[in-house]
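Q: I'd like to learn how to read a few local features from a model. Could we go through it together?

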Amino acid sequence: MIRFLYVIAANIHRVWMIPKMGYLAKHPEKFSEEYRYEYDKHCIRLMNHRGRIFTTAYGQENLPKEGGYVMFANHQGKYDALGIMLTHDRPCAVVMNHSWSCVPLVRQFIEMVQGKWLKLNDLRQAAGIIREVTREVREGRRFLIFPSGGYKHRNGNYVDPFKPGSFKSAMKAKAPIVPVALIDSWKVFDLWSLRRVHTKVIYLKPLYYEEYKEMSSVEVCSMVYQRICRAVEEAVNHLDSARQ
């Protein structure tokens with residue numbers, strides 16, 4: 001949290017950017033999705049520069065070159081979506097827990113890319129969001145979903161269990177499912193420190209409809225979860241070996 005407060009204080013002279021983000025979000029008819037997405041990434045770069053945050057991406061060649069798809073990532077903290085957006089070249093929207101909608105800056109970042117707010121305790125609203133994401137993915141949009149539904153502070157690189165229902169929108173759209181492994185993302189805002197922090201975003205090989213069309217959402221969830229767990233474990237072991 002100290003890094004979050006420091007970043008805000010260090011960028012206080014750029015406070016005018018917050019209402020601008022709100023304006024861009026409210027007028028998608030005036031500003032293209034690409035423009036709004038690049039402005040989001042510009043803001044993330046400014047934050048990272050002041051906050052001494054460094055993010056490296058791997059496996060970007062695994063991302064489908066055309067059409068819509070849904071990325072599913074392990075959830076570690078408030079920086080997760082920003083790290084992925086920063087390293088993802090084409091615009092992608094985020095499905096976020098509605099409880100975060102009032103957190104400063106989070107709302108602006110998500111609404112700039114026309115993301116979705118999901119109320120986990122409202123089944124009717126959640127079903128509506130699934131239908132919206134399904135339709136928009138079919139139309140070629142790209143989404144990011146955190147299938148664990150939340151995270152525990154200072155949980156490290158442990159991968160919380162995924163919810164099978166999170167995969168229904170991608171499966172109904174018959175779209176590619178892209179597992180994404182986040183490493184050390186939790187350190188950005190959970191550590192009580194301003195020391196330099198390095199995070200990793202690993203884009204794994206996608207799971208295409210032909211591969212999962214005979215599978216249930218429970219089976220797809222298990223497969224994606226295992227792939228991400230394996231990638232996180234390998235990355236952490238590599239980091240541990242490098243330090244020795």
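Q: Does Lys174 count as buried or exposed?

A: First, a word on the source: this is a predicted model, where local features need pLDDT of at least 70, side-chain atom pairs count only at pLDDT 80 or more, and totals for chains, interfaces and linings use all residues. Residues are numbered from 1 along each chain as its sequence is written, and side-chain values use heavy atoms, with hydrogens and water left out. Buried means under 20% relative accessible area, exposed over 50%, partly exposed in between (1.4 Å probe, protein chains only). Lys174 is exposed, at 52% relative accessibility.

Q: Which loop holds Lys174, and what is its phi?

A: Most residues other than glycine have a negative phi. Lys174, though not a glycine, has a positive phi of about 55 degrees. Its loop runs between α7 (168-172) and β6 (177-183); helices (H or I, at least four residues) and strands (E, at least two) are DSSP runs, numbered from the N terminus.

Q: And is Asp184 buried or exposed?

A: Asp184 is buried, with a relative accessible area of 7%. This residue lies in the loop between β6 and α8, and its phi is also positive, near 60 degrees.

Q: Which residues of helix α2 are buried?

A: In α2 (residues 17-26) they are Met17, Met21, Leu24 and Ala25. They span an arc of only 100 degrees around the axis (taken from the directions from the helix axis to the C-beta atoms), so they sit on the same side of α2. Pro19 and Lys26 are exposed on the other side.
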